[in-house]
Amino acid sequence: MVFGALLIIIVLYNLGSLSFVERMRDYATLRVLGIHKKKLRILTLIENLITTFIGWLIGIPAGIWFLGQYVNTFSTINLEYTRYYNWSTILIASVFVWIGSLSTTLFISRRIRSIYMVQALKGVE
């Protein structure tokens, strides 16, 4: 479970960091147009919450399906495995994902303060 939680944090942080780097020019443009840093942080929070929600909705049925396929792969004629999950494990996994998403979003949104506006608005090389 520790490695699973660590994997959640690493994947969500990398995805959030990649999203931030891709959107840095957009944030700099909004900042130059007069949007305050606090509103930009709220914008990143809302974007990441929506992305997490969509991934969470798609991920639960996809994860259950994948578990079934994975277990069926190792079933043989002499030994049959069955998938096992219950709603408490899904709830615990969901809590880990949401806490990981919120914490990485807060860490990533702090980087808005360090955007150098002139550098971010320069032409693409």
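## Close-up views of a predicted model

**View 1. Aromatic pairs in the model.** The structure holds 5 aromatic pairs, where rings of Phe, Tyr and Trp (its six-membered ring) pair if their centres lie within 6.5 Å. Planes under 30 degrees apart count as stacked, over 60 as edge-to-face and the rest as tilted. The rings of phenylalanine 66 and tyrosine 70 are stacked, because their planes stand at 25° with the centres 6.1 Å apart. Both residues belong to helix H2 and sit 4 residues apart, about one turn of the helix. Helices here are DSSP runs (H or I, at least four residues), numbered from the N terminus. Tyrosine 70 is partly exposed, with a relative accessible area of 46%; buried means under 20%, exposed over 50% and partly exposed in between (1.4 Å probe, protein chains only).

A few notes apply to every view. This is a predicted model in which local features need pLDDT of at least 70 and side-chain atom pairs count only at pLDDT 80 or more, while totals for chains, interfaces and linings use all residues. Residues are numbered from 1 along each chain as its sequence is written, and side-chain values use heavy atoms, with hydrogens and water left out.

View 2. Which geometry do tyrosine 85 and tryptophan 87 adopt, stacked or edge-to-face? Their pair is edge-to-face, with 90° between the planes and 6.4 Å from centre to centre. Tyrosine 85 is partly exposed at a relative accessible area of 32%, whereas tryptophan 87 reaches 63% and counts as exposed. Elsewhere in the model, Phe53, Trp56 and Trp98 make up one aromatic cluster.

View 3. The structure has 2 salt bridges, each defined as a side-chain nitrogen of Lys or Arg within 4 Å of a carboxyl oxygen of Asp or Glu. Side chains of opposite charge can pair when their charged atoms come close.

**View 4. The largest cavity.** Rolling a probe the size of a water molecule over the atoms shows where empty space is left. A search of the whole structure turns up 1 cavity of 30 Å³ or more, and the largest cavity holds about 50 Å³ of space. On a 1 Å grid over the protein atoms alone, a cavity is a set of points where a 1.4 Å probe fits but cannot get out, and lining residues have an atom within 4 Å of a point. Grid points are joined across faces, edges and corners, and a volume is the space filled by probe spheres set on the points. Gly16, Ser19, Phe20, Tyr27, Thr44, Glu47, Asn48 and Ile108 line the largest cavity. H1 and H2 are the elements that give two or more residues to this lining, and H1 provides the largest share with 4 residues. By class, the cavity lining has 3 nonpolar, 4 polar and 1 charged residues; Ala, Val, Leu, Ile, Met, Phe, Trp, Tyr, Cys and Pro count as nonpolar, Asp, Glu, Lys and Arg as charged, and the others, Gly among them, as polar.

**View 5. The largest pocket.** Unlike a cavity, a pocket is an open set with protein on both sides within 12 Å along at least five of seven lines. The largest pocket has a volume of about 990 Å³ and is lined by 31 residues. Nearest its centre lie Ile8, Gly55, Gly59, Ala93 and Val97. Helices H1 (2-32), H2 (37-73) and H3 (87-109) each supply at least two lining residues, with the largest share, 11 residues, coming from H3. Which classes make up the lining of the largest pocket? It has 17 nonpolar and 14 polar residues, and no charged ones.

View 6. Threonine 104 is placed in helix H3 and counts as buried at 5% relative accessibility. Leaving out residues up to four places away in sequence, threonine 104 touches Ile9, Leu12 and Tyr13, where contact means heavy atoms within 4.5 Å. Phenylalanine 3, found in helix H1, is exposed with a relative accessible area of 70%. The C-alpha atoms of phenylalanine 3 and valine 95 are separated by 15 Å, the two residues being 92 residues apart along the chain.
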